[in-house]
Structure formats: structure tokens, C-alpha cells
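Work through the following exercises with the sequence and the model open. Each task is followed by a solution in steps.

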Amino acid sequence: MIKFAWIIPLFPLVAFLLLMIGRRKLSEGAAASIGVAGVLASLSLSVAVFLERLQSPSNYVATFDWLRIDQVMVTMGIEVDALGTLMLLVVSLVSFLVFVYARGYMRGDQRFSTFYAYLSLFAFAMLSLVLSPNLLQIYLFWELVGVGSFLLIGFWTFKPEAKAAAKKAFVVTRIGDVAFFVAILLTFWKVGSLELSQVFAAVESGQLAPEIVTTIAILIFIGAVGKSGQFPLHTWLPDAMEGPTPVSALIHAATMVAAGVYLVARTYPLFLASPIAMDVVAYVGVFTAIFAATIALVQNDIKRVLAYSTVSQLGYMMFALGSAGYVAGIFHLTTHAFFKALLFLAAGAVIVSCQRQQDIRQMGGLWAKNRTVGSLFLIGALAIAGVPPLSGFFSKDAILLAAYQDGRYIVFLVGVLAAFLTAFYVFRLFFLIFGGSYRGKEPVVSVPKVMVWPMIILAVFAVATGFVNFPTDAFANWLVEGNGIVAQTASTPWWLPVGMTILSIIGIAMAWILYGKRSVAVSSFGEPGPLPYRLLARKYYVDEIYDRVFVRSLKGLGLILQAFDRFIIEGLVKGIAGIISWLGRIGSRLQNGQAQSYVLVSLIGLILLVVSFTAGRLLK
Amino acid sequence: MPVTSYLVLAAILFCIGLYGVLTKRNAVIVLLSIELMLSAANINFVAFSKYGLYANVTGQVFSLFSIAVTAAEAAVGLAILIALYRRRGTVEMDQFHSLKG
Amino acid sequence: METLLQTLPTWITFSPLLGVILLLFIPRTQSGLLKGVGMLATLPPLALALLLFGQFDGTSDKIQFSQKVDWFTLTLAKESGVTGSFTYNMGIDGLSMPLIVLAAIIFSLAAVASMYIKERHKEYFILFLLLEVGILGVFMAHNLLLFFLFFELTLVTTFFLIGIWGYLSREKAANHFLLYNGIGSAVMLIAFIVLFFLTQTMDFAELKAILANPDFLQWIKEANLQWLLWSTLIGILIAFGVKLPIFPFHSWMLRVHVEAPPSVVMLHSGVMLKMGAYGLLRFGVELFPTYVKEIATLLAILGLVNILYGAILAFRQRDLKRVLAYSSISHMGFILFGIASLNVIGLQGAVFQAVSHGFISALLFFIIASLYERTKTTMIDELGGLSQVMPILSGIFLAAALALLGLPGMSGFISELLAFLGLFDRAPVIAVIGALGLILATVYALRAVLSTTFGALATEWKNVKDTRIVETLPMLLLLGLIIGVGIYPSVLSDPMQATLQMIASRMGG
């Protein structure tokens with residue numbers, strides 16, 4: 001079965017082409033069926049590949065020659081390793097569920113088939129990305145998932161916010177991508193190959209100087225920073241919530257944003273060889289985790305809270321990787337994909353039932369009206385808050401343990417604080433939406449069935465995934481087998497899980513006291529608060545700073561160069577043309593039409609000639 | 001030095017003619033001045049045919065040719081002038097500047 | 001078949017004349033017939049170019065399909081009996097083959113885009129086909145004089161095509177075009193004449209051999225004539241730099257892109273700018289490998305200036321056409337990067353960029369032409385939300401913009417990758433700064449496409465119709481080529497490899 005892994009991404013590609021061609025003719029049902037069939041096929045094959053990979057722990061590689069660059073042959077192909085298999089499974093599973101869910105969420109949209117086409121394109125790119133055996137192919141699909149994300153964020157083309165958000169997402173991630181691109185250039189010249197296996201071999205054999213390894217690793221990490229919304233390139237991710245909610249669930253929570261984490265994990269030997277790069281990853285990750293968590297405390301848009309939460313959780317995964325917690329990072333990636341997708345889909349259901357309202361100040365009391373969605377959201381919230389025995393508890397525990405064992409105590413403490421904040425903000429969200437009484441104006445409507453059962457499946461995974469690595473380390477052993485990365489085997493100190501659980505419960509309790517018991521008036525949210533509150537509400541003014549520093553200065557530079565182009569360069573041209581026509585005018589003055597002056601001129605010429613000839617003779 | 005005096009006479013005549021061509025505004029006078037210059041040339045022909053280094057009669061014959069051509073030229077020139085006068089109502093040279101660039 | 005193959009360059013070059021002859025016999029009132037014949041007349045060269053593509057031997061670095069006929073002889077100095085003989089010498093190698101195929105394809109598609117021409121079809125198509133003769137000839141001539149003749153032919157025909165069929169201030173644009181390119185080709189002619197007097201030949205292969213000959217170089221050194229060779233090289237750089245265009249010789253090209261009729265802009269941006277690249281490679285790099293090596297850093301800096309200057313200005317423009325014009329300047333910087341890298345990867349990148357940008361810019365100008373047909377404006381501020389009324393055009397526009405910003409999977413990415421890879425080995429700092437151009441390209445390309453097709457739809461565009469099938473098909477074809485080359489770049493890079501390897505090895509890289 002594993003031999004056919006290359007077909008997995010092709011199903012969505014075919015679906016994409018079919019949907020694009022039949023864009024106008026297909027009914028909603030037909031379009032959705034094509035899209036769902038594509039990912040379902042991928043899912044089945046992924047499961048088969050996964051099962052086979054469980055039994056035979058060896059990587060399968062198949063490549064073909066793609067482009068000869070001087071002496072180096074760049075190949076394209078697939079490499080099925082443990083990480084890739086896991087990603088295949090996660091991506092195709094979440095994709096499948098979101099595809100089904102979107103059937104209900106996007107009902108009645110004018111460009112329904114196009115939506116499925118774009119989703120399929122994204123699924124194709126994402127599935128191909130995780131199968132890539134070399135850096136160039138990763139980059140290729142890396143950009144392609146970016147395009148998928150861009151298209152889907154801007155799906156509602158008529159919304160100016162969607163347009164701005166799509167553009168911002170593309171440009172900001174592109175900044176990271178360029179760093180990744182430079183990393184590829186550097187690798188090409190220093191290693192002489194772009195195959196990951198050869199790059200790792202070069203690192204291991206010491207062929208690469210340590211500073212080169214560090215440079216490459218940090219450049220790759222900058223690429224990951226862009227895609228995974230880490231500070232300072234995080235600003236696009238919250239704005240990306242302008243896209244339809246299924247898109248937010250699939251791309252901006254479960255899969256694409258995790259691609260940055262995946263990339264770091266995929267090139268992990270490079271990072272392991274460079275302590276500086278590891279430090280960078282750890283500190284950027286933990287800073288992002290706490291930074292985004294604080295912003296999430298005060299946001300009022302349901303999806304934005306979740307978006308900042310995603311940024312924060314991705315920060316967790318990053319600092320896990322930076323603290324040598326390879327398994328912990330990937331573990332959290334997996335569990336997060338499930339519970340965050342669940343939260344987003346539940347949020348989408350809330351949005352649908354409140355008639356496309358996204359402001360949590362206009363919600364409340366939904367528990368009574370829709371208990372199913374409420375309990376699903378609750379499962380997701382408990383998972384992310386790290387309440388045992390849900391999946392988030394185990395993975396978050398593993399991450400903090402990794403930081404602790406790696407001796408990064410500051411990182412560890414900040415991570416603990418961020419975990420507490422996470423429990424607080426997610427239950428703030430929960431109580432504001434489901435607790436109290438309904439504050440909106442539009443009547444609450446019911447949610448289609450087709451949207452509910454994907455959430456139920458996700459909820460099952462969100463609850464159960466934690467047990468793959470508990471009580472035995474089966475998951476960890478399988479993941480690292482044969483790839484030379486050491487999984488942590490030291491046993492967890494008893495106080496860590498207990499302490500974390502207590503902390504989560506305190507966070508939840510505080511949220512209940514503040515928002516559940518209504519001791520803070522919801523109506524006061526929009527009012528100008530104290531300075532720290534405003535700082536958080538405006539997201540630390542990062543967007544404003546970027547606007548002032550980068551956008552305006554670029555525009556200013558553009559203005560100066562524009563003036564330079566118009567006046568200096570064009571002026572130069574006009575000057576040259578002016579000189580020539582001035583010469584022409586002088587010439588034409590001689591030709592005045594008076595025969596007599598012509599004669600005079602020729603006479604003068606004759607005299608000059610005669611004189612000069614005579615003088616020449618005489619001088620000789 | 002008989003040839004010198006002839007040549008001086010011719011040179012004086014030529015210069016008078018040239019002066020007329022360059023300065024006079026009336027086209028008829030310009031035409032007459034051209035005749036003067038041509039006469040100067042004829043005098044040179046005759047002078048050299050008598051006192052030249054290879055004196056022979058060709059010079060005198062050539063001056064006859066020249067006189068004939070001059071007459072024709074004057075006739076054509078005057079005809080053009082009359083046509084111009086009919087058209088433009090003037091024979092002033094500086095009015096004819098349609099060739100101005 | 002054998003004879004056809006042996007004389008293939010001549011056939012390709014002059015096959016458009018068939019259409020010219022036919023057009024001469026059609027009365028000027030029959031505009032439909034004129035259009036049909038004019039469009040069909042671009043097919044024979046296309047078919048022959050595709051035949052060439054199939055028959056071309058990519059493993060050889062020799063000039064193929066070479067054809068050499070004595071033309072005339074000039075006596076230079078009577079006493080010593082030195083004569084210069086001129087040959088009609090045509091041939092194709094790995095450097096020119098991709099450009100010939102590109103030119104033939106773009107000409108056929110530009111002929112389709114000629115449907116936007118409203119008047120004087122007879123003259124238009126005659127000039128159009130003569131331009132094709134000129135451009136194809138430029139890529140195949142292996143004699144400097146012959147090259148110059150073809151080069152001038154493109155100049156004259158383009159001048160009239162812009163001046164007669166352009167938009168409002170077309171005459172000014174045509175004059176600017178002629179002023180710059182006239183000066184450029186005058187400089188080129190002087191450079192060629194200097195070369196001729198130094199070497200007594202205008203045959204390219206002989207010239208190349210002589211310039212590399214140690215005896216000749218010794219003689220140059222003894223006679224202290226290095227300055228002459230240097231000024232010749234600089235002359236050639238200026239002549240083709242104007243064409244490319246290299247900053248600061250670019251301002252003519254903006255006017256041409258704004259004022260020329262759409263089909264001519266497609267050709268101009270798609271093919272004629274590449275004549276500059278071709279000239280730089282052929283007469284700069286190939287003739288003066290050691291000299292170019294010494295100024296490589298300068299070329300890289302010029303390329304960097306082109307990339308950043310063009311990109312920043314493209315971001316400021318309010319007119320879509322000007323955005324694309326400046327983006328062309330930016331993209332031509334990558335060609336300079338490729339040349340400056342002095343290795344086969346960079347040169348491959350340069351040629352790749354020439355071809356890829358040819359496709360992309362032709363597609364974009366086609367799109368803008370059909371947009372202008374419907375809205376009568378290309379100002380970004382006045383447009384918006386067009387994806388609601390013209391989804392197909394907007395979709396293709398978006399795809400083309402993505403190609404423009406170098407999305408992997410499309411041809412632009414491969415050329416940028418190769419150019420950057422090449423330069424990175426030589427001047428990593430410049431390459432890294434140049435990579436900022438990739439970010440800027442994203443900014444301006446997305447701004448152009450998003451502000452016209454996304455957002456709210458103004459009421460005046462409510463009734464705009466989407467593209468017709470005759471417009472959609474050529475666009476899709478171009479898009480297919482862009483994606484095809486992007487997915488399977490070997491189709492383009494393999495045939496040029498051997499030739500570029502040879503050129504690069506002469507530079508010692």
C-alpha cells in the first residue's frame with residue numbers, strides 16, 4: 001500500500017480540476033460530493049499507509065529526476081516517514097471532516113463549487129507537502145498551501161476586509177518564505193544537494209561548518225515563523241479569520257499553520273546540530289505563546305480569540321521543539337489539530353445559529369438553545385485548557401516536561417503561565433457564549449445535521465488522542481524510530497501533571513467568577529479601559545507599528561523614487577531631446593529662404609577655402 | 001603686362017556684379033548684376049585667348065557661346081520674374097522666401 | 001524534408017513574408033479577410049519553430065542548422081589587399097532556440113490579440129509580419145551586419161505600429177521609442193564597425209575565435225588597444241541595455257507600454273525586451289567572456305537596482321499598465337543577475353527568465369487589453385470588484401499575477417530560483433538583498449490584481465461582460481505554458497544546457 005502513497009494527494013487535485021471545469025454546471029450537492037469523495041479517497045489510502053507504516057518501521061522513498069542544475073540533479077518524489085504518515089492522517093482526516101461540515105456552512109453561497117475547488121487545491125498541496133523528500137519540493141508546496149490559504153481567506157471577494165486580510169496573509173508569510181528560499185540557496189551551495197537525507201548526512205559528517213548550520217536552521221525557522229504565525233510575523237493569522245469558518249478550522253488551525261512546526265520537525269537534525277538555533281526556536285516560541293495568550297484575553301470576536309489561541313498554541317509546539325521535545329511538539333501538533341478544529345467548527349456552528357454574528361457581546365445563553373454544540377465546544381475547551389484526561393492535557397504536559405528537562409526554566413515558567421491564561425481565556429469565551437442570557441437581536445436558528453456529526457468525530461479524537469502516548473510511550477517510540485532523534489524517556493515528576501491540572505481548574509474557575517457569574521458587565525467591553533487593557537485590546541499596537549515602520553516607509557520611498565523617476569530620469573530625456581531640437585532650430589535659422597543670404601554664405605565659404613588653401617601653401 | 005590690366009578690369013566688374021547680387025532688393029537689378037559677372041568672365045576668356053600661356057582662338061569662341069547662353073538665361077530669368085510679378089505683385093527679392101526652412 | 005531542415009532558419013525567418021504577399025493582394029476594405037489572413041500567416045513560422053524544437057539536438061553546444069552563403073566583399077585598404085567578406089549566415093544554438101520558439105508562440109497569440117485593432121488592417125498586418133521577420137532574424141543571424149539589419153527592421157516596424165495604432169499620445173511614445181533605440185542601435189553599429197576593423201570579419205563564429213585567439217590578444221596588448229575593446233563592450237552593453245532596459249535607460253519603455261496597442265505591447269514586453277537579453281548574452285558574454293567577468297559585480301549591482309527600483313515604483317503606480325511596465329524592469333534585473341553570476345546556472349536562469357517573463361507579460365498584457373476593451377480604463381482606483389462580473393478573466397488575472405510574483409509551480413519561479421542560485425555562489429549579499437524583490441513583487445502584484453478584481457463592485461461596471469471564448473483560449477494556452485514549464489522545467493532547460501555550459505566555461509565559471 002505504501003507504494004501508492006504518491007496517489008494520496010492526487011485525489012484532491014483531480015477533484016480540484018473537475019470542480020474548476022464544472023464550476024457553473026454543478027449543483028451544490030454534486031460539487032460537495034466531488035470534493036468530499038476526493039478527500040475521502042485520500043483519507044482511506046492514508047489510513048492504509050499509516051497502518052502499514054505502523055508494522056514496518058522503514059521509510060519508503062521514490063523519486064524521479066526533475067531538473068538538472070549544473071551538476072546537481074534535483075528530484076521530485078515522495079518520502080513516507082513516520083512524521084509524514086502521521087501528518088497525512090491528520091490532514092486528510094481533518095480535511096474530510098471539514099469538507100463535510102462545509103456542505104452545511106456554505107449552503108447557498110454563490111460560488112459553492114469554487115469553494116470546494118479551492119479547498120481541494122489546498123488539500124492537494126498540504127498532502128504533497130508532507131510527502132516531500134527534498135527542500136525544494138517542500139518549498140514548492142509550501143507556497144502552494146499559501147496560495148490555497150490566500151484564495152480561501154479572500155473567498156468572499158466583495159468584502160474589503162477579506163481582500164485586505166488575504167493580501168496581508170500572503171505578503172507576511174512571503175517574508176518568511178523568502179528566508180526559507182535563501183536557506184535553500186545556501187544549502188544548495190554548501191551541501192550540493194537539496195535532498196533532506198543528504199543534508200542530514202552532511203550535518204552529521206561535519207561537512208558543514210557550525211555557523212552555516214546555524215544560519216540555515218535559523219533561515220528555515222524564519223520561514224516557519226511566517227507560516228505558523230509566530231512573533232513577529234503573527235499579524236496575518238488573526239486577520240485571516242475573515243475567511244469562512246471551515247477554512248479557519250482547516251487551514252488556520254489544524255493544518256497549514258502547523259506546517260511551520262512540521263518544517264522545523266522535518267529538518268530537526270539541522271536544529272539539533274545548532275544550540276543557537278534551538279535557543280532561537282525556544283525563545284521565539286515561548287514568547288509567542290505568552291504574547292498571543294494575553295491578547296486572546298480581551299478580544300471580542302469569537303474567531304479572533306481562537307486565532308490568538310492558535311498562535312499561542314503554535315508557540316507551545318515551537319518551544320517544545322526548541323527544548324529538544326521533538327515528540328512533545330509533534331504530539332501537541334496532532335492533538336491541537338483535533339481540538340482546535342473542533343473549537344473552530346463549534347464556533348462556526350455558533351456563528352450560524354446566531355445568523356452570522358461573530359461578536360461575543362451579542363451572544364450568550366446558547367447552552368439552553370443548542371446543547372449539542374455547547375457540549376462539543378466544552379469538550380474542545382476542556383482539551384485546550386489541559387484538563388485530564390483529554391488529549392490537550394497529555395501533550396501540554398509533555399511540552400512543559402521537555403522544557404523543564406532541557407533546563408530551560410524561564411521557558412518552563414512562562415509556558416506554565418501561558419497554560420493558565422489559556423484555560424482562562426477559553427472559558428471566558430465559553431461562559432460568554434453559552435452562559436447567561438442571549439444578548440443578540442436576531443433570533444437563534446438551528447444548525448444543520450451535516451455540520452454536527454463531523455464535530456462529534458473530532459470530539460472523539462480530541463478526547464482520545466492523548467492515550468496514544470499514555471500509559472506507554474508507544475507513540476514516541478514509533479515516531480522517532482530510525483530517524484536518529486532521541487525521545488525523552490525520563491518519567492514525569494508527579495507534581496507536574498497535578499500542578500498543571502490545578503492551575504487549569506483555577507483558570508476555569510476565575511473565568512467563571514468573572515464572566516460566568518456575570519460579575520463583569522458585558523456591555524463595558526467596548527469602553528476604553530485602563531492602559532494594560534487597551535494595550536491588549538489593540539494587540540500591543542503591533543499592526544500600527546508595522547504600518548508606521550514598514551508600510552509607510554515603503555510608500556514614502558516609493559514616492560521619492562517616483563519623483564526621481566519623473567523629474568530626474570524623464571528630465572534627462574527631455575533635456576537631451578531639448579538640446580537636439582535647439583540645435584535644429586539654429587540650423588533652420590540659416591535656411592531663411594533668401595537666395596541672397598545663401599549666396600553670401602557660399603561666398604564666405606569660398607573665401608575661407610581659398611584663404612586656407614593659400615595659407616596652407618604658404619606655410620609649407 | 002597687358003593681361004593684368006584685363007584681369008583687373010574683369011575682377012572689378014565681377015565684384016560690382018557680386019555686390020549687386022548680394023545687396024540689391026530689386027530682382028531686375030540682381031539679374032543685371034549677374035550679367036555683369038558673366039561679362040567679367042567673358043573678358044577673362046578673351047584676355048587669356050590672346051595673352052594666355054597657350055594662346056588660341058578657343059577662348060574667343062567660348063565667349064561667344066557664353067554670350068548666347070547668357071542671353072538665353074536673361075530671357076528665361078526675365079520671364080520667370082514677370083510670372084512672379086503677376087503672381088505676387090512685386091519683384092522685391094526679400095518677398096520671395098517661401099523656401100524658408 | 002532534408003533540405004527543409006538544412007535551411008530551417010531561413011524558412012522560419014522568412015515564412016511570415018508569405019502572409020505579407022497574400023495581404024498585398026487583398027483589398028483594404030475586406031477587413032475580416034485581412035484579419036484572418038494576418039492571423040493565419042503567423043502559423044507557418046510557429047509550425048516551423050515547433051519542428052525546430054523537436055529536431056533540435058540539446059546535447060550539442062554547436063550551432064545547428066547552420067547556413068552560410070557568401071554575400072558581398074568590401075575592400076578595406078587597397079595597398080595591403082585587406083578585404084572584409086560578408087556572409088549570409090544563419091544558425092541556431094541552445095541560446096537562441098528557446099527564444100525563437102517563444103517569439104513564434106507570442107506572435108501567434110499577439111495576432112489573436114490584434115482583434116482589438118480597429119482600423120487600417122492591411123498596413124497593420126503587413127507591418128506586424130515584417131516585425132516577425134525582423135525578430136526571428138535577430139535570433140538567428142550569425143553575422144553582425146545581418147543581425148543589425150534585422151534589428152533595424154524591428155525598430156522601424158515597431159515605430160509605425162506604435163505611432164499609428166497606439167492610444168492617445170502614441171506619437172510621442174513612438175518618438176521616444178525611436179530616440180532611445182535609435183541611439184542604442186547607433187552605438188551598436190559603431191561597436192560592430194570597430195570590431196570589424198579590428199578583426200576584418202563580421203561573421204560571428206570567426207569573430208569569437210579571433211577574440212579568443214592568444215595572438216590577437218597579444219597584438220591588442222602590444223598596440224595598447226584594450227581601451228578599444230573595453231569601449232566596444234560598453235557600447236554593446238549600452239545598446240542592449242537600452243533594449244532590456246537597464247536603469248536609467250528605462251523611461252521610453254514605460255511610454256511604449258502605456259501607449260502602444262495591446263498586441264504590440266504583448267510582443268514588445270514578451271519578445272522584444274528579450275532581444276536585449278539575447279544581445280547581452282550573445283555579444284557581451286559570448287564575445288567578451290573575460291571582460292564581462294571583470295564587470296560582473298557591476299552587472300549584479302545594476303540588476304539589483306533594476307529589481308528594487310522597478311518593484312518599488314510598480315507598487316506606487318495608479319495605472320495597471322505602468323505597474324506591469326515597472327514590473328518588467330524589475331524582472332529584467334533577474335536576467336542581469338543571471339549574467340553576473342558567470343556560471344551555467346545563472347545563465348540558464350537568465351534565458352529561462354527571458355522565456356518565462358515573455359509568457360507571463362504577454363498573458364498579463366492580453367488580460368489588460370481585454371479589460372480595457374470592456375471598461376475603457378486601466379486606472380486601479382477606478383476599477384474594483386470585477387471578479388463578480390467577469391470571474392473567468394479575474395481568475396486568469398489572479399493566476400497570472402501569481403506567476404508574476406514567482407509562485408512555485410509556475411515558470412517564473414524556476415527562473416528566479418536559477419538566477420538566485422547562480423548569483424548566490426558569487427555575490428551572496430547582493431543575492432540576498434535581491435531576494436527582497438520577491439517580497440516587493442508579492443506586494444505590487446497582489447495590489448494590482450486585488451484592487452481590480454476584489455472588493456466592492458462600482459455600479460458602472462455592473463453590465464461588463466466576461467471574456468469571449470476567442471480571448472479565453474489564448475489566455476488559457478499561455479497560462480498552460482507557464483504552468484507546464486513551471487512543473488516540468490527540463491523541457492526548457494535541457495536544450496540550452498550544453499550551449500550555456502560552453503559559454504560559461506569560456507568565462508572560467
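**Exercise 1. Chain contacts**

Find which chains share the most contacts among the 2 pairs of chains in contact.

Solution. Of the 2 pairs in contact, chains A and C share the most contacts. This is a predicted model, in which local features need pLDDT of at least 70 and side-chain atom pairs count only at pLDDT 80 or more, while totals for chains, interfaces and linings use all residues. Residues are numbered from 1 along each chain as its sequence is written, and chains are lettered from A and ligands numbered from 1 in the order in which they are written.

Step 1: the contact between these chains takes 36 residues from chain A and 39 residues from chain C. Step 2: on the side of chain A, strand 1 (60-69), helix 5 (135-153), helix 6 (160-191) and helix 24 (542-590) each supply at least two residues; helices (H or I, at least four residues) and strands (E, at least two) are DSSP runs, numbered from the N terminus. Step 3: helix 6 of chain A gives the largest share of that side, 13 residues. Step 4: by class, the side of chain A that touches chain C has 24 nonpolar, 4 polar and 8 charged residues. Here Ala, Val, Leu, Ile, Met, Phe, Trp, Tyr, Cys and Pro count as nonpolar, Asp, Glu, Lys and Arg as charged, and the others, Gly among them, as polar.

Step 2: turn to chain B. Its contact with chain A takes 9 residues from chain B and 9 residues from chain A, and the residues on the chain B side divide into 4 nonpolar, 3 polar and 2 charged. Chain B and chain C do not touch, and their nearest C-alpha atoms are 21 Å apart.

**Exercise 2. Chain A and the nonpolar core**

Describe the extent and burial of chain A, then state which residues have the most contacts inside the largest nonpolar core.

Solution. Step 1: chain A has 25 helices and 2 strands. Its C-alpha trace spans about 120 × 65 × 55 Å along the principal axes. Step 2: of the 620 residues in chain A, 54% are buried; a residue is buried if 20 or more other C-beta atoms lie within 10 Å of its own, exposed if 12 or fewer, and partly exposed in between. Step 3: among contacts in chain A between residues at least 6 apart in sequence, 81% join residues at least 24 apart.

Step 1: a nonpolar core is a set of buried Ala, Val, Leu, Ile, Met, Phe, Trp, Tyr and Cys residues joined through C-beta atoms within 7 Å. The largest one has 428 residues, and those with the most contacts inside it are Ala341(A), Leu342(A) and Ile100(C). Step 5: apart from neighbours within four places in sequence, Leu342(A) is in contact with Leu376(A), Ile379(A), Gly380(A), Met455(A), Leu458(A), Ala459(A) and Ala462(A).

**Exercise 3. A helix pair in chain C**

Determine how helix 7 and helix 8 of chain C cross.

Solution. Step 1: the axes of helix 7 (residues 121-140) and helix 8 (residues 144-165) of chain C come within 8 Å and cross at roughly 150°. Axes are lines fitted to C-alpha atoms, for helices over the stretch in contact, and angles run from 0 to 180 degrees between N-to-C directions. Step 2: helix 7 and helix 8 of chain C are therefore roughly antiparallel to each other (under 35 degrees counts as roughly parallel, over 145 as roughly antiparallel, 65 to 115 as roughly perpendicular and the rest as oblique). Step 3: the residues of this contact divide into 15 nonpolar, 5 polar and no charged.

**Exercise 4. Local backbone and burial**

Is Tyr180(C) buried or exposed, and where do cis peptide bonds occur in chain C?

Solution. Step 1: Tyr180(C), in helix 9 (residues 170-199) of chain C, counts as buried because it has 22 C-beta neighbours inside 10 Å. Beyond four places in sequence, Tyr180(C) is in contact with Val242(C), Phe249(C) and Trp252(C).

Step 1: a cis peptide bond joins Leu244(C) and Pro245(C), with omega about -10°. Another cis bond joins Phe247(C) and Pro248(C), with omega about 5°. Pro245(C) is in the loop between helix 12 (226-243) and helix 13 (251-259) of chain C, and Pro248(C) is placed in the loop between helix 12 and helix 13.

Note on methods:
Contact = placed C-beta atoms within 7 Å.
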